[in-house]
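Here is a brief report on one protein chain. Keep the sequence and the structure in view while you read.

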Amino acid sequence: MVTSQGTASVNFPFPSVWGIHSSIAGRTIIWGTFSIHSIIDNRVVGTVNFRGRPIPINGFWNENTKQIAFDSPYATFSGNLTIIDDQQSKIRHFILQGRFLMKPPSLQAGESGSWIATTDIAQNQFPVSGNAYTGQLPPVGAFLTSNFLHQHQNFLGRTI
């Protein structure tokens with residue numbers, strides 16, 4: 001099953017909230033949440049929230065290559081989607097990971113690093129035929145961001 005809005009087909013659920021982690025030179029710089037509100041005609045609209053205030057993001061999704069690129073006022077992000085099914089737990093992991101470049105007015109303008117964002121759902125909530133990878137474990141960052149996301153949701157006392 002593919003989620004569709006406008007003329008775009010998207011191989012992950014949205015609206016959706018993801019845990020996000022970013023690092024520069026292998027050192028964690030920040031944890032937060034990444035929300036995709038809509039994808040219409042390959043245009044991504046959402047927010048990223050690192051310090052308690054949602055910051056708007058706008059970008060593009062390419063379903064053929066499973067690539068995303070988006071800008072916030074402080075950084076430019078690009079990455080790829082991986083989908084991994086855990087057959088034992090019946091969980092489908094959606095993993096976006098890639099690179100980012102800080103830009104003015106950030107104090108770290110010009111520095112680059114890596115990011116990973118994850119969300120997961122029960123496999124039966126969002127079937128994906130032929131696109132889910134089985135038999136492999138997600139990268140460690142997928143578990144860390146997933147834990148952060150679930151702790152954030154539990155702290156707020158609600159499910160996002």
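## Strands 6 and 7

Strand 6 and strand 7 (residues 67-71) run antiparallel and pair over 5 bridges. Strands are DSSP runs of E with at least two residues, numbered from the N terminus. Two strands pair if DSSP finds at least two bridges between them. Across this pairing, Asn58 stands opposite Asp71 in strand 7. The two strands form a hairpin with 4 residues between them. Lys66 sits in that turn and has a positive phi of about 60 degrees.

## Basis of the model

This is a predicted model, where local features need pLDDT of at least 70, side-chain atom pairs count only at pLDDT 80 or more, and totals for chains, interfaces and linings use all residues. Residues are numbered from 1 along each chain as its sequence is written, and side-chain values use heavy atoms, with hydrogens and water left out.

## Strands 5 and 6

Strand 6 also pairs with strand 5, again in the antiparallel sense, over 6 bridges. Arg43 has Phe60 in strand 6 as its bridge partner. Strand 5 and strand 6 form a hairpin too, with 5 residues between them. In this turn, Gly52 has a positive phi of about 90 degrees.

Buried means under 20% relative accessible area, exposed means over 50%, and partly exposed lies in between (1.4 Å probe, protein chains only).

## Thr47 in strand 5

Where does Thr47 lie? Thr47 is in strand 5 (residues 43-49). Thr47 counts as buried because its relative accessible area is 16%.

Ile40 belongs to strand 4 (residues 27-40). Ile40 has 43% relative accessibility, so it counts as partly exposed. Its C-alpha atom is separated by 9.3 Å from that of Phe60, 20 residues apart along the chain.

Thr82 is in strand 8 (residues 75-86). Thr82 is partly exposed because its relative accessible area is 22%. The C-alpha atoms of Thr82 and Asn11 are separated by 10.0 Å, and these residues are 71 residues apart along the chain.
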